[in-house]
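Open the model in your viewer and keep the selection panel at hand. The stops below go from charged pairs to a pocket.

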Amino acid sequence: MVSTRSGKRSLSPVAPVLGERSVKHRRDVVEKAEDASTPPKPEKDQVTDRKAKQILKGVKLVLLDIEGTICPITFVKDTLFPYALKTLPHILKTKWDDPGFTEYRDAFPETARSSPEAFQAHVQDLSERDVKIAYLKNLQGYLWEDGYKNHVYSTPIYPDVLAAFDSWSSASATSASKEIAIYSSGSIFAQKLLFQHIKDPALPDDPKAILDRRNIIQDWFDTTNAGLKHETSSYEKIAQALGKDPLEILFLSDNVKEVRAALGANMKAVVVDRPGNAPLSEDDRQDLDIIESFEHLELY
């Protein structure tokens, strides 16, 4: 679903976080079928055109969120989170003082690591509230590794994402190859596990049939090396770390606040509206560019 509100966007109010400069650059970089002087399309045409190509020029790197963007949000909430909580009691019983575990344990507050019982209660509470704090995310990655290695689960990447990876990683007659980077609230360790164990769609019934696509990722970012995902400064920091002009970076996420923060940093940014994601408000649909599939992106 692509929103084609080119005329409307220049007239409707935009949240302050976008800034005047960000709104201007979005009008400049998104190729439009009409001249700027063309009157806005009527509302009825917007629904018809939502699956048209979202054409963006000057993109050299695609920065990707994970949950709800490249894989179903339910994979993390219904598979990974429960597995971590299920396996934690065994880890606490057998590895409480194991050097391989203590580095994760000792990152928790002192009250939480006073006993295995207190530790489990704290993890349970944070998980239920989906608190995005670094020491929990690092522990989750540690706990998820066992499930991946034993083929309890693998990452269900959307087919259009796998096709986009192949397209972006190779040059064509009309477009240079694109670099790819990841920015997720999950730890970098967990991000790499996810990309190391992608379910092979060609062999859906074989739990051991996995694809390792870590090699296509230029760089990895989480809240520890970039900052919180709702803050514009995090995206400015990422652009600097990648050595790119923000205008050369396209950020894709299901989270509206993240998209607005990236736009505030002068990046290109598009909302990915997948089944099961949080519903978008009418204001979001008016102000932001939206796609349902990476098939609806055309990058130059």
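Select R260 and D287. Both residues are buried. In this predicted model, they form a salt bridge, with the closest N and O atoms 3.4 Å apart. Now colour the helices. R260 sits in helix 11 and D287 in helix 12 (residues 282–287), so this pair ties together parts that are 27 residues apart in sequence.

Next, select K77, D130, K132 and K137. Salt bridges that share partners join these four residues into one network.

Move to K244 and E179. They form a salt bridge, and their closest N and O atoms are 2.8 Å apart. This pair links distant parts of the chain, 65 residues apart. K244 is in the loop between helix 10 (232–242) and strand 7 (249–253), while E179 is in strand 3 (residues 179–183). Is K244 buried or exposed? Its relative accessibility is 19%, so K244 counts as buried, the cut-off being under 20%. E179, at 27% relative accessibility, counts as partly exposed.

Now pick R105 and D106. These two form a salt bridge as well, with the closest N and O atoms 2.9 Å apart. R105 is buried, with a relative accessible area of 13%. D106 is partly exposed, at 39%.

Zoom out for the total. How many salt bridges does the structure hold? The count is 17. Side chains of opposite charge can pair when their charged atoms come close.

Last stop: the largest pocket. About 420 Å³ of space lies in it. To centre the view, select K132, H230, D254, N255 and E258. Of the 21 residues that line the largest pocket, these are the closest to its centre.

Show the helices around the pocket. Helix 4 (73–95) and helix 11 (256–264) each supply at least two residues of the lining. Helix 11 is also the one that holds R260.

Colour the lining by class.

Finally, colour by domain. Where does the largest pocket lie? Domain 1 (53–71 + 155–299) gives residues to the lining, and domain 2 (74–153) does too, so the largest pocket lies between them.

Methods
Residues are numbered from 1 along each chain as its sequence is written. This is a predicted model: local features need pLDDT of at least 70, side-chain atom pairs count only at pLDDT 80 or more; totals for chains, interfaces and linings use all residues. Side-chain values use heavy atoms; hydrogens and water are left out. On a 1 Å grid over the protein atoms alone, a cavity is a set of points where a 1.4 Å probe fits but cannot get out, and a pocket is an open set with protein on both sides within 12 Å along at least five of seven lines; lining residues have an atom within 4 Å of a point. Grid points are joined across faces, edges and corners, and a volume is the space filled by probe spheres set on the points. Helices (H or I, at least four residues) and strands (E, at least two) are DSSP runs, numbered from the N terminus. Domain bounds come from an automatic or database domain assignment. A salt bridge is a side-chain nitrogen of Lys or Arg within 4 Å of a carboxyl oxygen of Asp or Glu. Buried means under 20% relative accessible area, exposed over 50%, partly exposed in between (1.4 Å probe, protein chains only).
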